[in-house]
Amino acid sequence: MSRVSIIIPFYNCPFIDQAIESALNQTYKNVEVIVVNDGSTEYSEKIIPFKSQIRYLEKENGGTASALNLGIKNSTGDYFTWLSSDDIYYKDKVLKQLTFMKEKNAYFSYTNYSLINADNHDIAQMAGKYFNNKIDVLQNLRNENHINGCTVMMKMQVFSAIGIFNENLKFTQDYDFWLRALQNYEIYYLHDQLVKYRVHNRMGTRRFSEYLIKEVEILRERYDDKLIRIINHEKKHMKN
């Protein structure tokens, strides 16, 4: 059985216990749950009841990318998944996505997701954007990141091939990684909601939206020409 590493970066998040519980309660049992405490000053006590069931790492605060990278370097899995400390996996997330990837012989995949609020109440079902063909996916990625990082599953070999997350990017390290990955791998999409994405007042995308927008502009300048070339290649391939 393939081993799946679930890496949970944690920084002052009151929902960390719910995230860990959802990772440990997967129907697919060959998982390792790695929690990386990124210099938290609050809520670390919520991890204590789970310490015998997880791998627990601590580091100085350096941001999500640095926490993910430390988890990756200490993982033993064949596959990587990422779970934000304020989100929740559906119990069959790993099983369904791993089965899908093996059927497709995929190195990289992502799924849809639902929305919940701070009280775990449902807000929306199938809330993610999805597209019918590869060209539309690529066209959308030129403008925005519609791939929710917690829905992604990858073979660990991807990191060996293209590197790990860029620690200089504090808010768009995931977007940057997807734009690198799609230059080397097919991006497979599973039309199933397997993550509960939490919308709340403390979420980083709300608190630091100004900085996020600036980083997105940097990535557009860096990758747009490459994306256009890939899109044009796909269009030619379709005609042939």
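Two strands are taken to pair if DSSP finds at least two bridges between them. In this predicted model, strand S5 (residues 88-89) and strand S9 (residues 188-198) are joined by two bridges and run antiparallel. Within this pairing, Tyr89 is placed opposite Val195 of S9. Strand S9 also pairs with strand S6 (residues 108-116), here in the parallel sense and over seven bridges. One of the residue pairs concerned is Asn112 and Gln193, the latter being the bridge partner in S9.

The loop between strand S4 (79-82) and S5 contains Asp86. This residue is buried but has no salt bridge. The nearest side chain of opposite charge belongs to Arg198 and lies 6.0 Å away, whereas a salt bridge requires a side-chain nitrogen of Lys or Arg within 4 Å of a carboxyl oxygen of Asp or Glu. The side chain of Asp86 does make a polar contact, at 2.7 Å, with the side chain of His200.

Strand S9 also contributes to a pocket lining. The second largest pocket has a volume of about 200 Å³. It is lined by 14 residues, of which Asn133, Lys134, Val137, Ile187 and Tyr188 are the closest to the pocket centre. Two or more lining residues come from each of helix H4 (134-141) and S9. The largest contribution to the lining of this pocket is that of H4, which supplies three residues.

Key. Residues numbered from 1 in each chain as written. Predicted model: local features only at pLDDT ≥ 70, side-chain atom pairs only at ≥ 80, totals over all residues. Heavy atoms only, no water. Helix = DSSP H or I, 4+ residues; strand = E, 2+ residues; numbered from the N terminus. Buried < 20%, exposed > 50% of the residue type's maximum accessible area, 1.4 Å probe, protein only. Lys, Arg positive; Asp, Glu negative; His and termini not counted. Polar contact = N/O pair within 3.5 Å; in protein donor to acceptor, adjacent residues only side chain to side chain. 1 Å grid on protein atoms, 1.4 Å probe; cavity = no way out; pocket = protein on both sides within 12 Å on 5 of 7 lines; lining within 4 Å. Points joined across faces, edges and corners; volume = space filled by probe spheres on them.
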